[in-house]
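Please look over the sequence and the structure shown here before reading on.

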Amino acid sequence: MAATKSQGINFTLFMGGLTAVCAGVAFFDSGMAKLALILGLVCAAVALWGFFKIKPLEGKTGGTPQPAVMKLIGVVVVLAGWLFVLFGLHLTAGVGGRLVTSILGFAVSLAGICFILAPAVNKNAIWKA
Amino acid sequence: MRIARIAAWSCALAILLMAGAATVARADAAPSASAAELKDALSKAPTTATLANGDPGGTTTGTVNDVPVADTKTGLTLGDVANQVGQNKIAVNFVWTLITGFLVMFMQAGFAMVESGLCRVKNANHTYMMNFFVYTCGLFAYWIIGFAIQMGGAAGNGNLGGLQSLNTEHVITLFGTHWGIFGECGMFLARSTYDVGVMVIFLFEMVFMDTALTIVTGACAERWKFLAFAVSSVLMGAFTYPLYGNWAWGGGWLSQLGVNAGLGKGYCDFAGSGVVHAVGGLTALAVAMIIGPRIGKFNRDGSANAIIGHDISAVLIGCFILAFGWFGFNPGSTLGASAAGNLRIGSIAVNTMLAGCTATFGALLYMWVVKGKPDASMSGNGILAGLVAITAPSGFVNTTGAAIIGFVAGVLVCLSCAFVENVLKVDDPVGAVSVHGTCGLWGVLSIGFFADGTSNYGGAWNGVTGSVTGLFYGDASQLVAQIVGCATLVGFVFTFSFVLNWILDVILGQRVSIATEVAGLDLPEMGQLGYPEFVFKPEPDVLLAAERMAVA
């Protein structure tokens with residue numbers, strides 16, 4: 001299956017829902033806005049459910065399932081590097097100390113991408129079969 | 001007698017000093033126009049009858065007669081003249097910002113040509129359509145919410161009249177200091193943001209945002225389901241980009257690192273190496289990782305195959321279009337041509353073209369020396385890498401710094417392309433991750449080294465008095481601020497994009513089927529071939545065997 005009418009209908013619903021949600025938030029103090037917000041959320045949810053329902057019709061893809069836990073660990077490490085950088089700014093007021101903690105945190109984030117996430121997404125790659 | 005002589009000399013000296021002081025005072029005082037002088041100017045202005053004869057020399061068009069009068073009874077006043085001068089300043093800045101914004105908008109055409117040219121002919125329509133539709137997706141998402149998140153608290157820009165209606169930033173208090181997180185007004189450009197200045201900044205920021213979105217389509221070309229691309233692009237334009245944009249440009253916490261944490265002038269990114277290019281490049285990396293490589297890109301032993309694009313002429317013309325558009329990107333980021341140090345636009349434009357030049361040298365020479373050929377596609381990526389890298393520092397460095405930054409970017413993009421392909425095993429058909437991600441990060445970092453402390457846009461940057469100065473010119477703390485920005489790009493933006501697109505993958509599937517991929521995306525996804533009269537080559541065996549190998 002490639003692009004279909006169902007995809008088009010659900011995408012239209014998704015865009016309509018998103019627009020209504022934003023309108024609801026933007027004009028929240030008016031009465032109609034709350035209704036728009038609820039309607040928008042319903043439309044978006046229906047659209048996402050529609051996407052999920054038609055997904056299996058796509059057929060076999062070249063993207064193979066990869067270990068979710070390993071990917072999660074990678075994401076956590078990348079995020080942890082960034083948080084360390086932010087925390088490091090409050091560890092010391094000296095420029096030298098902050099430079100060291102910033103570089104360390106940045107390196108941890110990069111390592112998370114290169115040495116955990118990249119191997120994780122290639123664990124069961126189609127080209128290994 | 002002697003006393004009388006001394007007294008006489010003293011008196012003479014005092015008179016001389018007083019006369020001198022009076023002369024200096026007269027010279028210092030600005031000559032003030034009087035009502036009589038205005039009347040005189042009005043009397044000398046050309047009459048309607050004179051103007052009716054035409055003005056071939058352009059000497060009588062545009063005079064005191066053209067200054068609007070607030071009250072016809074009192075006639076022209078100094079207040080009227082001063083108001084007109086103020087409006088002229090804003091008008092110059094509006095026109096400058098809008099025209100440079102139009103140039104940036106045209107970069108979409110360059111991106112479309114580069115990306116499609118580097119893809120195979122069977123995916124040309126699909127790749128062009130992604131570049132075309134991303135403009136629409138991004139613009140709409142930015143209008144309904146993205147702009148509000150990014151610029152909702154960005155009031156205070158004197159170049160565009162103050163933008164006082166953008167005055168609501170959501171702030172959190174940590175360790176006793178206030179940090180901006182996201183803007184809260186400007187959705188649908190309604191209510192108080194229905195304002196002439198806000199419209200100008202919206203247009204300019206929107207085309208920047210769309211540039212970031214279109215970077216992702218290149219890295220995921222030839223296998224990204226059109227539906228997934230559309231949803232992902234809408235969400236990126238609505239949330240991912242605006243959030244980081246707020247932190248850097250909208251009065252958010254990164255820009256406050258100078259005021260709150262004493263780090264230089266705060267995180268600096270003049271025109272968007274980080275905000276636009278690294279956000280786009282790192283999101284491209286996240287999505288490309290989730291989608292996986294194209295069938296046939298890697299062999300069983302992990303070695304990579306080169307999948308050659310179909311039109312190198314489109315690639316190189318696209319690069320030229322992008323280089324042209326970059327004259328909007330960087331000089332336009334002053335948001336004005338009049339006042340507040342904005343005459344530096346000439347320097348910014350020269351830095352931009354110079355970095356592109358040296359980066360082309362860097363990439364071309366690297367490929368020629370290492371691989372034996374002056375590779376065309378890498379040369380194209382070289383100029384783009386240099387332009388990406390100089391985007392952030394263009395307003396803060398001198399020409400020598402710009403040339404070095406560009407040259408480093410040119411070599412870096414070649415090394416990065418090889419690293420992404422051979423070490424990370426991520427398939428990036430156009431090199432978007434390296435051009436925009438790697439060189440975007442390099443551009444952000446380079447401010448921390450090369451900012452020369454001479455650029456003073458109105459006396460302060462990010463609320464800190466003085467000029468942006470890097471490590472080589474004496475301020476190491478600026479480098480720390482830049483590293484914090486890079487860490488945020490990698491640690492937050494990449495992670496956010498990865499998780500968001502992972503969820504989308506679970507819900508709607510990011511990738512087309514193997515049958516679609518092998519046949520080419522043009523017919524199954526778009527219903528029309530890009531080049532219907534072309535005869536396709538038979539596919540190699542590895543592509544035909546892919547369906548048997550697939551496990552999902």
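Of the 129 residues in chain A, 40% are buried, where a residue is buried if 20 or more other C-beta atoms, placed from the backbone, lie within 10 Å of its own, exposed if 12 or fewer, and partly exposed in between. This is a predicted model, in which local features need pLDDT of at least 70 and side-chain atom pairs count only at pLDDT 80 or more, while totals for chains, interfaces and linings use all residues. Residues are numbered from 1 along each chain as its sequence is written, and chains are lettered from A and ligands numbered from 1 in the order in which they are written.

Chain A has 4 helices and 0 strands, the helices (H or I, at least four residues) and strands (E, at least two) being DSSP runs numbered from the N terminus. The radius of gyration of chain A, taken over C-alpha atoms, is 22 Å, whereas a compact globule of 129 residues would have one near 14 Å, by the rule of 2.2 Å times the number of residues to the power 0.38. Along the principal axes, the C-alpha atoms of chain A fill a box of roughly 55 × 55 × 20 Å. An automatic or database domain assignment divides chain A into domain 1 (5-58) and domain 2 (68-128), and the C-alpha centres of these two domains of chain A lie 35 Å apart.

The contact between the chains, counted where C-beta atoms placed from the backbone lie within 7 Å, takes 51 residues from chain A and 60 residues from chain B. Helix 1 (5-26), helix 2 (31-54), helix 3 (68-91) and helix 4 (95-121) of chain A each supply at least two residues of the side that touches chain B, and helix 4 of chain A gives the most, with 14 residues.

In chain B, strand 1 (residues 169-174) and strand 2 (residues 177-183) run antiparallel and are joined by 6 bridges, pairing being called when DSSP finds at least two bridges between two strands. Within this pair, B:I172 stands opposite B:W179 in strand 2 of chain B. Most residues other than glycine have a negative phi. B:F175, however, is not a glycine and has a positive phi of about 50°; B:F175 lies in the loop between strand 1 and strand 2 of chain B, and B:F175 counts as exposed because 9 C-beta neighbours lie inside 10 Å. B:L189 also has a positive phi of about 50° without being a glycine, and B:L189 sits in the loop between strand 2 and helix 6 (196-219) of chain B. With 15 C-beta neighbours inside 10 Å, B:L189 counts as partly exposed.

Methods
Two residues are in contact if their C-beta atoms, placed from the backbone, lie within 7 Å.
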